[in-house]
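Dear colleague,

I am handing over the structure below, together with an account of what was found in it. Please have it open beside this message as you read.

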Amino acid sequence: MTTLKSKLQEDLNAAIKERDELRSSTLRLTLTAITKEEVAGKEKRVLSDDEVLKVITKEAKKRREAADAFAQGGRAESAEREKAEGELLATYLPKQLSEDELNDIVAQAVAEAKAAGAEGPRAMGAVMKIVNPKVAGLAEGGRVAAVVKKLLAG
């Protein structure tokens with residue numbers, strides 16, 4: 001069975017052969033981030049696909065934030081580059097939930113939390129506890145929190 005890391009490695013090799021500079025540098029940086037994570041603890045270990053996905057998610061988020069920063073700083077070329085790298089990384093991630101899908105999941109969780117007696121500020125935590133496992137890797141934390149707040153405000 002092919003691991004996600006070995007898929008990245010194969011894609012990197014292909015990108016190098018094709019002289020695809022954007023892909024090869026993006027994948028090289030991502031594989032470095034994965035390796036760094038693998039040697040971060042007391043002993044070297046191999047990351048599971050889920051852990052590799054977390055690294056890719058983090059890397060993609062960094063690219064999006066950098067693209068925004070460059071765009072605000074009037075550096076369109078750098079912004080485009082970061083955006084392109086982010087989009088490339090996104091192809092390795094599970095498809096993100098649509099607004100409607102996310103709203104449905106959160107609405108259910110709000111109802112569940114309220115049924116369990118959670119109200120006011122405490123409800124936010126209760127709802128997030130229910131929602132997070134369902135949307136892990138499928139929606140960004142900030143996006144989820146915003147929808148939870150909106151629906152709790154009712």
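In this predicted model, the largest pocket is lined by 23 residues, of which T57, Q96, G137, L138 and A139 lie nearest its centre. A pocket here is an open set of points, on a 1 Å grid over the protein atoms alone, with protein on both sides within 12 Å along at least five of seven lines, where a 1.4 Å probe fits, and lining residues are those with an atom within 4 Å of a point. The space in the largest pocket comes to about 630 Å³, a volume being the space filled by probe spheres set on the grid points, which are joined across faces, edges and corners.

Two or more residues of this lining come from each of α3 (49–72), α4 (76–90), α6 (120–135) and α7 (141–153), and α3 gives the most, with 7 residues. Helices are DSSP runs (H or I, at least four residues), numbered from the N terminus. By residue type the lining of the largest pocket divides into 10 nonpolar, 6 polar and 7 charged, where Ala, Val, Leu, Ile, Met, Phe, Trp, Tyr, Cys and Pro count as nonpolar, Asp, Glu, Lys and Arg as charged, and the others, Gly among them, as polar.

The protein is divided into domain 1 (3–91) and domain 2 (99–153), with bounds that come from an automatic or database domain assignment. Their centres, taken over C-alpha atoms, are separated by 29 Å. Both domains give residues to the lining of the largest pocket, so the pocket lies between them.

The second largest pocket has a volume of about 150 Å³, and its lining consists of L29, T32, A33, K36, E37, V55, K58, E59 and K62.

After α5 comes G117, whose phi is positive, near 90 degrees.

A positive phi, near 55 degrees, also belongs to R19, a residue other than glycine, which is placed in the loop between α1 (4–17) and α2. R19 counts as exposed because its relative accessibility is 74%. L89, by contrast, which is placed in helix α4, is buried, with a relative accessible area of 0%.

Residues are numbered from 1 along each chain as its sequence is written, and side-chain values use heavy atoms, with hydrogens and water left out. As this is a predicted model, local features need pLDDT of at least 70 and side-chain atom pairs count only at pLDDT 80 or more, while totals for chains, interfaces and linings use all residues.

With best regards

Note on methods
Buried < 20%, exposed > 50% of the residue type's maximum accessible area, 1.4 Å probe, protein only.
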